[in-house]
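I am opening a notebook on a structure that is new to me, and I will write down what I look up as I go. The chain and its model come first, and my entries follow.

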Amino acid sequence: MKQHDAMYIDGSWRPAEGSGTIEVVNPADGQVIATVPAGSAQDVDAAVRAARAALPGWAATAPQERAARLAALRDQLADRAGEIAETVTAELGSPLAFSTRVHAGVPVAVCGSYAELAGTHSFEERIGNSTVLHEPVGVVGAITPWNYPLHQVVAKVAPALAAGCTVVLKPAEDTPLVAQLFAECVDAAGIPAGVFNLVTGLGPVAGQALAEHEGVDLVSFTGSTAVGKRIGALAGAAVKRVALELGGKSANVILPGADLPKAVAVGVANVMANSGQTCSAWTRMLVHTDQYDEAVELATAAAAKYVPGEKVGPLVNAAQRDRVRGCIERGIAEGARVVAGGPEAPAGAGYYVAPTVFADVTSEMTLAQEEIFGPVLSILRYEDEDDAVRIANDTVYGLAGAVWAGDDAEAVAFARRLDTGQVDINGGRFNPLAPFGGYKQSGVGRELGPHGLSEYLQTKSLQF
């Protein structure tokens, strides 16, 4: 077991103010693999003070120099990709192949995109007789989740640094080890002291202290909608900006004429990725009534390929496992039909849940309304396109989705009717430059690409 006793503040590793620690558990076997400091409000205060002291110098640094530091950070992340993947697998339980491709690979691409944007983005524009300046918002408090523990760090820290902001990061307590690796990469990249700071700790203690701190100008949070509402209230009391990427209940709509076997196979894979612990997962599959039975058969066969411990990892902790199994049991009680998996725990150690597919799900059921955050797919039937639109939009969420049709034009026409922030058309590829964020209770603001950079800028107009 590794014992980490320091946090990265003002360019160096320093002990926490208190003596509390957090145990990091490998969810594949339930064993403690490390401890990290449980940061206090005093640790947060020290980090924010360091960030405020570093802000004037970093904000005044030429964008090209900020770009160079981000490029160096990208290279550090790439050089340590193997170690990053192994760390995420150990603390999150993700299969190593997925950790390598996604958890380690995507952050390199995202960091590289902001290295380029920092050097090419226009931080001034001319509008009539005014020069409009795009300036850094200030000190950013970044609170990140456990499900994509490095991607979400990079998706916040990289644009903030590109904009000229300084950052205090509070990572999720379940997965803090990769955040410590990230801090080592920041240090090796030559980013000045105080520009980036790391405080490990519990959400109700360190997270709340960061959200409330008067020295923080913007709070960027990714996590549950319930916690996002709390952070929004804390920030609102001080009239400080927030960026919130929250929950989802995304619809995968398969229209008549689409390639049904492909749409179903990709849809099942999307839900099972990262053990279903993805806010944008397409957890509701909508199929026309004439093709419904065929789609259920295809999904059942596809789910059988996702063997726990091989293609599907455990859930992050025992509480999450129990919560997901409880959702499955509730689905059965409400009348949905299990066609794959179920609430019974797979054999062996670890916090595993059987990949589960439900048929005969209706829109008013809990399965179709609440974010489950596990490898659980619900298949709903619709009568016509208007009915499909109604069902797809019939949740408080609006984060992502997919549409499959006989041609792209038909899929795009349908996608325009969806109340959601991002839609994949006929299996469209991930784009690290496209804005990501939600409608309704799925959040406020956007991440990734130029839109993600804009979240960390504020405008000033000069009239001549």
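Which residues does Phe 182 touch, not counting residues up to four places away in sequence? I note before answering that this is a predicted model. I looked up the contacts and found that Phe 182 touches Leu 73, Leu 77, Leu 150, Val 153, Val 154, Val 157 and Phe 196.

**Entry: the cores**

I then turned to the largest nonpolar core, which has 65 residues, and I saw that Phe 182 is listed with Leu 70, Leu 73, Leu 77 and Phe 196 as having the most contacts inside it. Helix 4, residues 96-120, gives the largest share of this core, 11 residues. Because domain 1 (2-246 + 442-463) and domain 2 (251-425) both give residues to this core, it lies between them. I also found a second, separate core of 29 residues, which includes Leu 255, Ala 388, Ala 405 and Ala 411. For background I noted that nonpolar side chains tend to be buried together in soluble globular proteins.

Strand 10 pairs with strand 9, residues 166-170, in the parallel sense over 3 bridges. Across strand 9 and strand 10 lies helix 6, residues 177-188, which runs at about 150° to strand 10. I traced the whole open sheet of 6 strands and wrote down its order as 10-9-8-11-12-20, with mixed pairing. Its edge strands are strand 10 (196-198) and strand 20 (443-444), each of which pairs on one side only.

Another open sheet has 3 strands in the order 6-7-21, and its pairing is antiparallel. Here the edges are strand 6 (124-127) and strand 21 (457-463), each pairing on one side only, and the twist averages 25° from one strand to the next. I followed strand 7, residues 130-136, and found that it pairs with strand 21 in the antiparallel sense over 7 bridges. Within this pairing I picked out Leu 133, which stands opposite Lys 460 in strand 21.

**Entry: where the domains meet**

How far apart do the C-alpha centres of domain 1 and domain 2 lie? I read the separation as 31 Å. I next checked the contacts, and 20 residues of domain 1 are in contact with 24 residues of domain 2. The area buried between domain 1 and domain 2 is about 1,600 Å², and carbon and sulfur atoms give 57% of it. On the side of domain 1, Pro 27, Trp 146 and Ser 442 lose the most area to domain 2, together 31% of what that side buries.

**Entry: two positive phi values**

I ended with backbone angles, keeping in mind that most residues other than glycine have a negative phi. Asn 274 has a positive phi, near 60°, and its place is in the loop between helix 9 (260-272) and strand 14 (284-288). Is Asn 274 buried or exposed? I recorded it as buried, because its relative accessibility is 6% and the cut-off for buried is under 20%.

Lys 440 also has a positive phi, near 50°, and this residue lies in the loop between strand 19 (424-425) and strand 20. With a relative accessible area of 40%, Lys 440 is partly exposed.

Methods. Residues numbered from 1 in each chain as written. Predicted model: local features only at pLDDT ≥ 70, side-chain atom pairs only at ≥ 80, totals over all residues. Heavy atoms only, no water. Pairing = 2+ DSSP bridges. Helix = DSSP H or I, 4+ residues; strand = E, 2+ residues; numbered from the N terminus. Contact = heavy atoms within 4.5 Å. Axes fitted to C-alpha atoms, helices over the stretch in contact; angles between N-to-C directions. Core = buried A, V, L, I, M, F, W, Y, C linked by side-chain atoms within 4.5 Å. Buried < 20%, exposed > 50% of the residue type's maximum accessible area, 1.4 Å probe, protein only. Domains from an automatic or database assignment. Buried area = accessible area lost by both parts, 1.4 Å probe.
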